[in-house]
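Student: Please look closely at one part of this model, the strands of a single chain. I would like to know how they are arranged and what lies against them.

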Amino acid sequence: MTKFTFTEKKDTRSGFGDGLYELGKSNSNVVGLCADLIGSLKMGAFQKEFPDRFFQVGIAEANMMGIAAGLATAGKIPFTGTFANFSTGRVYDQLRQSIAYSEKNVKVCASHAGLTLGEDGATHQMLEDIGMTKMLPNFTVVVPCDYNQTKAATIAIADHVGPVYLRFGRPKWPIFTNDEPFVIGKAQHLIEGTDVTIFATGHMVWKAIEAEARLADEGISAEVINLHTIKPLDNDAILRSVSKTGCVVTAEEHQVHGGMGESVAQVLVRNHPVPQEFVAVNDEFGESGKPEELLDKYGLGTQDIVNAAKKSIQRKG
Amino acid sequence: MSDLSKLNNLATQIRRDIVRMVHGVQSGHPGGSLGCTDYLVALYFNVMKYSNPFKMTGKGEDMFFLSNGHISPGWYATLARAGFFELNELSTFREINTRLQGHPATEENLPGVRVASGSLGQGLSVACGAALAKKIDGDPHHVFVLMGDGEQEEGQVWEAAMFAAHHKIDNLIATIDYNGQQIDGPVDEVMSLGDLAGKYESFGWDVLSCNGNNIQEIIDKLNIAKDRSGQGKPIVICMKTEMGKGVDFMEGSHKWHGIPPSDEDLENALNQLEETIGDY
């Protein structure tokens with residue numbers, strides 16, 4: 001049995017859409033921009049209720065990022081919405097010069113990230129976006145784990161002054177967190193354990209919870225921590241946990257190069273070196289398929305986390 | 001002295017500033033800066049309404065964005081002469097720890113700069129965003145943006161051109177520095193722009209043309225542009241300039257796009273540019 005249960009599955013992108021709608025009501029400076037994906041990004045409610053603060057940009061993402069920078073310059077809080085690949089790789093120079101270097105208060109909101117996009121295949125399965133955005137000075141990178149947390153994070157990032165990359169996804173996914181306020185940069189301690197720490201982010205947090213239950217059945221005590229903020233990373237939470245467990249697994253729907261695991265490894269190497277295993281996509285592109293099939297094929301299934309945890313524990317010697 | 005004579009003297013002084021700045025650090029872009037000096041003088045000393053001290057949001061005032069950021073020497077000298085910061089700071093251009101970065105930046109809080117530019121093609125989009133914010137706020141002021149002609153080769157410019165017309169951003173006045181030169185040679189040889197005015201017209205813009213090295217004409221055209229704002233169309237001025245204007249050996253050649261003058265070149269240039277209101 002998992003320590004967390006769920007009664008409902010919902011897509012994290014709906015959390016974004018609902019959060020944005022709430023923000024529209026509470027903050028008149030919030031402006032919405034979308035590049036021909038209003039339905040996919042669930043931005044319809046905001047558009048309908050606040051037409052004077054919503055702009056359809058068409059299929060022109062570079063332009064959208066520049067417009068957002070201009071709106072932010074004038075004191076608005078623009079939220080851009082498109083898929084993760086069009087939010088990062090497609091517009092990297094605009095993120096870099098017009099937003100990050102120019103210190104603009106733009107919220108880059110990216111859906112359909114990772115393998116769980118599914119059938120559309122590798123062109124749209126963005127697996128490099130955490131790396132690209134965390135490398136940019138001034139950017140905060142947030143990857144919530146379920147509908148509730150995505151909604152809360154959407155609301156929270158409006159109060160943070162500075163560029164934010166908010167990453168979420170397409171599939172319906174278990175809702176297991178409460179409707180609690182989101183604190184940027186503060187890791188979420190989900191399950192206490194003593195043998196190994198599993199740091200997970202995004203959809204992989206639920207997989208980590210499932211893995212913990214399987215490990216417990218085998219008498220292994222795993223700690224599960226949700227690193228919903230990749231940058232700034234909660235170094236204290238990482239080191240506190242690792243000083244207890246002595247080994248680590250990181251789990252993310254992202255390339256192993258440049259991902260959250262790499263950020264965790266940097267903290268460990270500098271402060272408290274311990275064995276670490278990486279559950280991530282291993283330097284390859286995805287393909288068409290169903291989300292669960294893809295996670296399994298690319299080594300991101302529940303059992304992959306279980307195996308990685310055992311290996312990490314073994315390496316403690 | 002007539003107002004126009006004063007503006008022309010100011011432009012000559014700013015051209016001296018540009019040549020001295022680029023010579024001082026042996027780095028920078030004199031050609032486009034000299035070509036656009038008259039436009040910047042017309043904008044900052046006649047047409048545009050702005051506050052000093054500088055206000056980042058530009059609420060309740062006109063705003064300017066420089067998209068072709070490499071002409072920073074001309075912009076910095078204009079900003080200093082307009083009182084945004086001390087004249088002496090021009091001597092720090094491109095030096096370590098300066099606020100006068102090679103290409104404009106906000107990180108050092110240089111008054112007058114609202115967004116970083118240098119990687120071309122992004123300024124029109126940013127200006128569209130600022131103009132939209134004015135519309136949301138009911139602020140009747142204008143947003144001005146200057147782009148290069150070579151910069152028109154960037155796809156993002158046309159994304160923004162389409163957007164501005166579609167969303168009727170009629171408080172936006174763009175200007176293109178049409179000097180016909182880019183780094184690798186004449187624009188017509190590198191990547192011809194064809195009928196640039198016709199292209200903007202077909203995108204739904206109100207298009208004006210202008211001699212960009214005649215201050216009175218620039219003022220008149222910018223005022224015409226302001227008069228024609230608010231009518232549902234964004235406005236663009238195709239402004240013919242001469243790269244290197246005011247320094248005969250730099251005029252009309254792409255070779256001076258990004259090359260600093262030698263000591264001898266400097267002396268030659270300064271002999272052609274009278275010190276009118278005092279060097280920094």
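Predicted model: local features only at pLDDT ≥ 70, side-chain atom pairs only at ≥ 80, totals over all residues.

Tutor: Two strands are said to pair if DSSP finds at least two bridges between them. The strands themselves (E, at least two residues) and the helices (H or I, at least four) are DSSP runs, numbered from the N terminus. Residues are numbered from 1 along each chain as its sequence is written, while chains are lettered from A and ligands numbered from 1 in the order in which they are written. The model scores are ipTM 0.97 and pTM 0.98.

Take chain A, starting with its five-stranded sheet. This open sheet has the order E9-E11-E10-E13-E14, with mixed pairing. Its edges are strand E9 (188-191) and E14, each of which pairs on one side only. On average, neighbouring strands are turned by 25 degrees against each other, direction ignored; here axes are lines fitted to C-alpha atoms, for helices over the stretch in contact, and angles run from 0 to 180 degrees between N-to-C directions. E13(A) and E14(A) run parallel and are joined by five bridges. Val249(A) has Glu277(A) as its bridge partner in E14(A).

Several helices lie against these strands. Helix H10 (residues 235-245) of chain A packs on the sheet by touching E10, E11 and E13, and its direction makes about 150 degrees with that of E10(A). Contact here requires C-beta atoms, placed from the backbone, within 7 Å. Helix H11 (residues 260-271) of chain A lies across E10, E13 and E14 and runs at about 145 degrees to E13(A).

Helix H13 (residues 302-315) of chain A also belongs in this picture. H13(A) has 14 residues and reaches 20 Å from its first C-alpha to its last, close to the expected 20 Å, where the expected span is 1.5 Å times one less than the number of residues. Its buried residues include Ile305(A), Val306(A), Ala308(A), Ala309(A) and Ile313(A), along with Asp304(A). A residue counts as buried if 20 or more other C-beta atoms lie within 10 Å of its own, again with C-beta atoms placed from the backbone. The buried residues of H13(A) pack against strands E10 (196-200), E11 (222-226), E13 (248-255) and E14 (276-281), and against helix H9 (204-217), of chain A. Just after H13(A) comes Gly317(A), with a positive phi of about 80 degrees.

Chain A has another open sheet, of seven strands in the order E3-E2-E4-E5-E7-E6-E12, and its pairing is mixed too. Strand E3 (54-56) and strand E12 (229-231) of chain A form the edges, each pairing on one side only. Strand E2 (residues 30-34) of chain A runs parallel to E3(A), with three bridges between them, and Gly32(A) has Phe54(A) as its bridge partner in E3(A). Helix H4(A) packs on this sheet, where it touches E2 and strand E4 (77-83), and its direction makes about 165 degrees with that of E4(A).

Leu166(A) in E7(A) stands opposite Cys109(A), and Val164(A) is the bridge partner of Thr140(A). E7(A) is covered on both faces: Val164(A) and Leu166(A) on one side, and Tyr165(A) and Arg167(A) on the other, are all buried. Helix H8 (residues 147-157) of chain A lies across strand E5 (107-111), strand E6 (140-142) and strand E7 (164-167), at about 170 degrees to E7(A).

H4(A) also brings in the other chain. Between the two chains, 24 residues of chain A are in contact with 28 residues of chain B. Helix H4 (61-73) and helix H6 (92-101) of chain A each supply at least two residues of the side that touches chain B. H4(A) gives the largest share of that side, nine residues.

Conventions. Buried ≥ 20, exposed ≤ 12 C-beta atoms within 10 Å, placed from the backbone.
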